[in-house]
Amino acid sequence: MPAGQQPQAREPDGGADSNHRQPSPPHTPALPSEVVPAYPPPESEDDESWVWTQIKAEARRDADAEPALASFLYATVLSHPSLPRSLSFHLANKLCSSTLLSTLLYDLFLASLTAHPSLRAAVVADLLAARARDPACVGFSHCLLNYKGFLAIQAHRVAHVLWAQNRRPLALALQSRVADVFAVDIHPAAVVGKAILLDHATGVVIGETAVVGDNVSILHHVTLGGTGKAVGDRHPKIGDGVLIGAGATILGNVMIGAGAKIGAGSVVLIDVPARSTAVGNPARLLGGRKGEADKDEDMPGESMDHTSFIRQWSDYTI
């Protein structure tokens, strides 16, 4: 096969008849519980296997319901034996260019996912996070195939591995492709945890020395940036369970404590204590009432509660 030429996806079994199938009804019925158990999943030692089973079942259902997607779903999901291979194939085809071949990218992504079990665990955690936190996420396959925030994070994790291996030109090239394709710009040196949701994701920028903890949710047009031309450790540190609203800007080497909430459109230049809320431009800190943080067990990054701080904002009027 000539270099750079993509193999043609084979039609699913019975694909020749798919052109004669009847269109699906407007609302495809949910899969039966024996095929896809209700979310959240049962306790299992192998979440990756469980999630992959759900993805394949959803893809089969959608291929049957929508013949126009049958070839795409077969090539991207149903023809692959595992989640890492499916994800690697999908990312490679999304991010390839005329000079950065999909075959090279596929090998690169698959090698990283195979060599680093923590990357695979993070993929599964991100899928579970999107399914649990985003009411618009109708299934795991929907996130895997269509959520550019999810895909950008997975590509970043591979770029981060390359950066740590001192393969920095390739890591930066991958960062550039992710920015071009997904409009998400994450420096490959940035440290990103697991169970991350980049909701909508357009315009997210995360700088070189930024650190993002686990169970963090970040909406579109969020910047974790520096304050100028200073070098060294100069970007924000985001604790576990933080929620950052749309259009928020956090600048400098500041700490956003675990369970904190950054309101949409806020500009944060100071540390934000754990379980506090920062809103406004410049941001104003709103601490919880005494004992309230202890009673509220839900972390904002998981609950996606954007507005509960309003009751503490005494001068809020409409």
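A search of the whole structure finds 1 aromatic pair, where rings of Phe, Tyr and Trp (its six-membered ring) pair if their centres lie within 6.5 Å. The rings of Trp50 and Phe140 have centres 5.7 Å apart and planes at 85°, so the pair is edge-to-face, given that planes under 30 degrees apart count as stacked, over 60 as edge-to-face and the rest as tilted. Trp50 belongs to helix 1 and Phe140 to helix 6, so the pair ties together parts that are 90 residues apart in sequence; helices (H or I, at least four residues) and strands (E, at least two) are DSSP runs, numbered from the N terminus. Both Trp50 and Phe140 are buried, the term buried denoting under 20% relative accessible area, exposed over 50% and partly exposed in between (1.4 Å probe, protein chains only).

The structure is a predicted model, in which local features need pLDDT of at least 70 and side-chain atom pairs count only at pLDDT 80 or more, whereas totals for chains, interfaces and linings use all residues. Residues are numbered from 1 along each chain as its sequence is written, and side-chain values use heavy atoms, with hydrogens and water left out. The mean pLDDT (the predictor's confidence in each residue, from 0 to 100) of the protein chain is 85, and 79% of its residues reach 70 or more. Over residues 1-26 the pLDDT is below 50, and this stretch has 22 contacts in the model beyond near neighbours in sequence, a contact meaning heavy atoms within 4.5 Å. For residues 33-40 pLDDT likewise stays under 50, and the model has 11 contacts beyond four places in sequence for them. Where pLDDT is low, the predicted coordinates should not be read in detail.

Helix 3 (residues 83-95) and helix 4 (residues 102-115) pack at an angle of about 145°, with their axes 8 Å apart; axes are lines fitted to C-alpha atoms, for helices over the stretch in contact, and angles run from 0 to 180 degrees between N-to-C directions. The contact involves Pro84, Arg85, Leu87, Ser88, Phe89, Leu91, Ala92, Asn93 and Leu95 of helix 3, together with Ser102, Leu105, Tyr106, Phe109, Leu110 and Leu113 of helix 4. Ser102, placed in helix 4, is buried, with a relative accessible area of 4%. Ser102 and Ala92 are 10 residues apart in sequence and 4.8 Å apart in space, C-alpha to C-alpha.

In helix 2 (residues 70-78), the buried residues are Ala70, Leu73, Tyr74, Ala75, Thr76 and Val77. The cover over these buried residues of helix 2 includes helix 1 (47-65), helix 3 and helix 6 (140-146).

Backbone geometry was also examined in the loops. Asn215, in the loop between strand 5 (211-212) and strand 6 (217-219), has a positive phi of about 55° although it is not a glycine, and Asn215 is partly exposed, with a relative accessible area of 26%. His221, found in the loop between strand 6 and strand 7 (223-225), has a phi near 60°, a positive value in a residue other than glycine, and at 45% relative accessibility His221 counts as partly exposed. The peptide bond from Asn281 to Pro282 is cis, with omega near 0°, and Pro282 lies in the loop between strand 14 (277-279) and strand 15 (284-286).
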